[in-house]
Amino acid sequence: MLGEVEKNLLHVISDLDELPAEGAFNLRENGKGVQRRSTKNVEITPKTDKPGIDIRVAPGTAFESVHIPVVLTESGMNDLVYNDFYIGEGATVEIVAGCGIHNCGCDTSQHDGIHTFYIGKNAHVSYVEKHYGEGEGTGKRILNPQTIAYLEEGATLDMDTSQIRGVDDTKRFTKVVVGRGAEVVISEKLLTHGEQSAVSDMEVELNGDGAKASITSRSVAKEQSHQVFYPRLSGNCACFGHVTCDAIIMDKARVRAIPELTANHVDAQLIHEAAIGKIAGEQILKLMTLGLTAEEAEQQILDGFLR
Amino acid sequence: MLELEHVQFTAGTTNIVKDVSLTIPEGRFVVITGPNGGGKTTLAKLIMGIEQPTGGAIRWNGADVTHLSITERARLGISYGFQAPPRFKGMRVSDLLQLAAGSDQQLTHDQCCAYLTKVGLCARDYVGRDVDASLSGGELKRIEIATILARGSGREHSLMIFDEPEAGIDLWSFAKLTETFRALHAGGKATVIIISHQERIIRLADEIVLIAGGEVKARGSVDEVFPLIMRDTVSTCSAAEQEGL
């Protein structure tokens, strides 16, 4: 039975008010897997050698959702978890992950989730991950997610990750190896505020002919926060890759965007775009002419940008 | 009723709006025209509150709005369609229309589509799109006009100001837009000011105000003012005179 705090965290990170009535799921709470359900096509088993679970999706699965939320409500909890996903050939699956921390104490709460995907031939994975922190305590809320994915021929991975707010420190690492005719689309949204720090380190290797990658980062840095976005894209064959870093900077925040492209093949087409700037005054004025105050206008612009 | 009394606007040492006095009764459809750089857009921005006058007073329905903020004027029913509207990454066309309509009325999908149709956009293709760089200048402009229609429709005592709505719009969409302005005029509920150089829009007006050099040079009906505009178009061009044109 979930308490109110846990329910709220679950709602923010996975849009669920209760655990799903259908489909596979695994709820991890304060360092332990507390509830789990497998289905005919999706088998979830706990690891025996280290903390975490294995998720195996049967080949040819038409479409299934898998929810694997993590909630931390004990101050001082340091949770390290390894989740491995084995997606069978031709399967289509949506995986909703995410971690919410409620820290009302003075000790640091930390969750490091290491997710590795082995995506079979022609399989399609949609992966949604949200991170959120709250709580009135002085203890820090730290999230260091790692996502590593291997895409076989014709596979696709649509990865949508966001850090909503309240995370004091994050070091995100993403590595995707893309095979022949496979495609990865990564959309990352980050909001930092206060004294928060966020580093997003990404590495995408396009290794098979016809491989594609699209990486979009949208971030907002407010107050005294600091962000570094470091996407590296390497084209090792006839492939196409595109990186866009777009950041809104406010107050005394700092943002570094360092896209890096490496072409190791004459037919590798790689593009990057990066833009950092404050909210345009004209945007605020326009929304004020629609009856919003300057503060409401700013919030609307930020909400849209990070949608 | 909109009243401008000796409105002035000076930027540095340049008098952009010198001494403009105008009264526009409620429900009137007025076209402001005149040469580029004459002060038309600045005057519109002064009415909306985007610029603050350096002299004179602005009243809307009897209330002195001279020193009210943009937000306060918007909430009194004044709206302004920008000549060069900004783009918003991540904000959908439907979001912008909803913001324009205000929190007191929840727009349905069909209502959003109706506003887009009025500006010549195929609603199905645009309602869910982001108001970002993927839109052309003409598309963005028409969405801007749709926001003003959404803002002004259904409100009592609204003043809708459109700044060169025809700019960047193709002929087909322009025809649709002209129809929309004609319908707005026929409805007679809103007070409408359009800054325009287009004869088809000018001919819709109850009254034309010709502004040049920061001043009202002429005002009156289409029949009174249009011949003056046509005459000035040639006679003010000294090069044309020298060439004997």
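In this predicted model, strand β8 (residues 109-119) of chain A pairs with strand β11 (residues 146-151) of chain A in the parallel sense over six bridges, where strands are DSSP runs of E of at least two residues, helices are runs of H or I of at least four, both numbered from the N terminus, and two strands pair if DSSP finds at least two bridges between them. Within this pairing, Gln146(A) in β11(A) is the bridge partner of Ile114(A). Strand β11(A) is also joined by six bridges to strand β13 (residues 169-178) of chain A, again running parallel, and there Tyr150(A) has Val177(A) in β13(A) as its bridge partner.

The bridged pairs described in both chains are listed below.

| Strand pair | Sense | Bridges | Residue pair |
|---|---|---|---|
| β8(A) and β11(A) | parallel | six bridges | Ile114(A) and Gln146(A) |
| β11(A) and β13(A) | parallel | six bridges | Tyr150(A) and Val177(A) |

Taken as a whole, chain A has three helices and 21 strands. Its radius of gyration, taken over C-alpha atoms, is 20 Å, close to the 19 Å that the globule rule (2.2 Å times the number of residues to the power 0.38) gives for 307 residues, so chain A is as compact as a globular protein of that length. The C-alpha trace of chain A spans about 55 × 55 × 35 Å along its principal axes.

Of the 307 residues in chain A, 54% are buried, meaning under 20% relative accessible area with a 1.4 Å probe and protein chains only. One buried residue is Ser217(A), at 4% relative accessibility, which is placed in strand β16 (residues 211-221) of chain A. Beyond its neighbours within four places in sequence, Ser217(A) is in contact (heavy atoms within 4.5 Å) with Glu188(A), Phe229(A), Thr244(A), Cys245(A) and Asp246(A).

Residues are numbered from 1 along each chain as its sequence is written, and chains are lettered from A and ligands numbered from 1 in the order in which they are written. Local features need pLDDT of at least 70 and side-chain atom pairs count only at pLDDT 80 or more, whereas totals for chains, interfaces and linings use all residues, and side-chain values use heavy atoms, with hydrogens and water left out.

Definitions and conventions
Buried < 20%, exposed > 50% of the residue type's maximum accessible area, 1.4 Å probe, protein only.
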